[in-house]
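Here are my notes for anyone opening this one for the first time. Keep the viewer open while you read.

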Amino acid sequence: YDAAVAELERILDAGRDRLDPTTVAVLEQSLQTIDRAIAEARAALQTDPTNSYLSEHLSATMNQKVRLLRQAAQLATSAS
């Protein structure tokens, strides 16, 4: 996960200047929201590590971040 996120963020950063500033702002806001949800789920799992709902929620949220970054990276590389 960490390697995939880092690579997608690198691709997005390299193509960021090709995107409309409004699009970049929306992407950044969405990523901040997802990052907060990931942090909250991780913190909750620290106090309740066997909670399957929290584990599934964390996994789903992390996958959501990868999907969003993948779409954004594709948009950034295809924009002209």
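1. Start with the contact of α1 with α3. On the α1 side, V5, L8, E9, I11, L12 and G15 take part, and they meet K65, V66, L69, R70, A72, A73, A76 and T77 of α3. Sorted by class, this contact has nine nonpolar, two polar and three charged residues. Bear in mind that the model is predicted.

2. Now the geometry of that pair. α1 covers residues 2–15 and α3 covers residues 52–78; they pack at an angle of about 30°, and their axes are 8 Å apart. An angle under 35 degrees counts as roughly parallel, so α1 and α3 are roughly parallel to each other. The crossing of α1 past α3 is left-handed.

3. Next, α2 against α3. Here the angle is about 160° and the axes lie 9 Å apart. Angles over 145 degrees count as roughly antiparallel, and that is why α2 is described as roughly antiparallel to α3. This crossing, too, is left-handed.

4. K65 deserves a click. This residue of α3 counts as buried, because its relative accessibility is 7% and the cut-off for buried is under 20%. Leaving out residues up to four places away in sequence, K65 touches Y1, V5, E9, L31, I34, D35 and I38.

5. T61 is another one to look at in α3. Is T61 buried or exposed? It is buried, with a relative accessible area of 6%. Its contacts, again not counting residues up to four places away in sequence, are I34, A37 and I38.

6. On to the core. The largest nonpolar core has 20 residues, and the members that touch the most others are L12, L19, L27, L58 and L69. α1, α2 (21–47) and α3 each supply at least two residues of this core, with the largest share, nine residues, coming from α3. In soluble globular proteins, nonpolar side chains tend to be buried together.

7. Not counting residues up to four places away in sequence, L19 touches L12, V24, L27, L75, A76 and A79. Two of those partners, L12 and L27, are named with L19 among the core members that touch the most others.

8. Finally, zoom out. The chain has three helices and zero strands, giving the pattern α-α-α along the sequence. Its C-alpha trace spans about 45 × 20 × 15 Å along the principal axes. Of its 80 residues, 30% count as buried. Among contacts with a separation of 6 or more, 71% are between residues 24 or more positions apart.

How values were computed: Residues numbered from 1 in each chain as written. Predicted model: local features only at pLDDT ≥ 70, side-chain atom pairs only at ≥ 80, totals over all residues. Heavy atoms only, no water. Axes fitted to C-alpha atoms, helices over the stretch in contact; angles between N-to-C directions. Helix = DSSP H or I, 4+ residues; strand = E, 2+ residues; numbered from the N terminus. Parallel < 35°, antiparallel > 145°, perpendicular 65-115°, else oblique. Left-handed = near helix turned anticlockwise from the far one by under 90°. Contact = heavy atoms within 4.5 Å. Nonpolar A, V, L, I, M, F, W, Y, C, P; charged D, E, K, R; others polar. Core = buried A, V, L, I, M, F, W, Y, C linked by side-chain atoms within 4.5 Å. Buried < 20%, exposed > 50% of the residue type's maximum accessible area, 1.4 Å probe, protein only.
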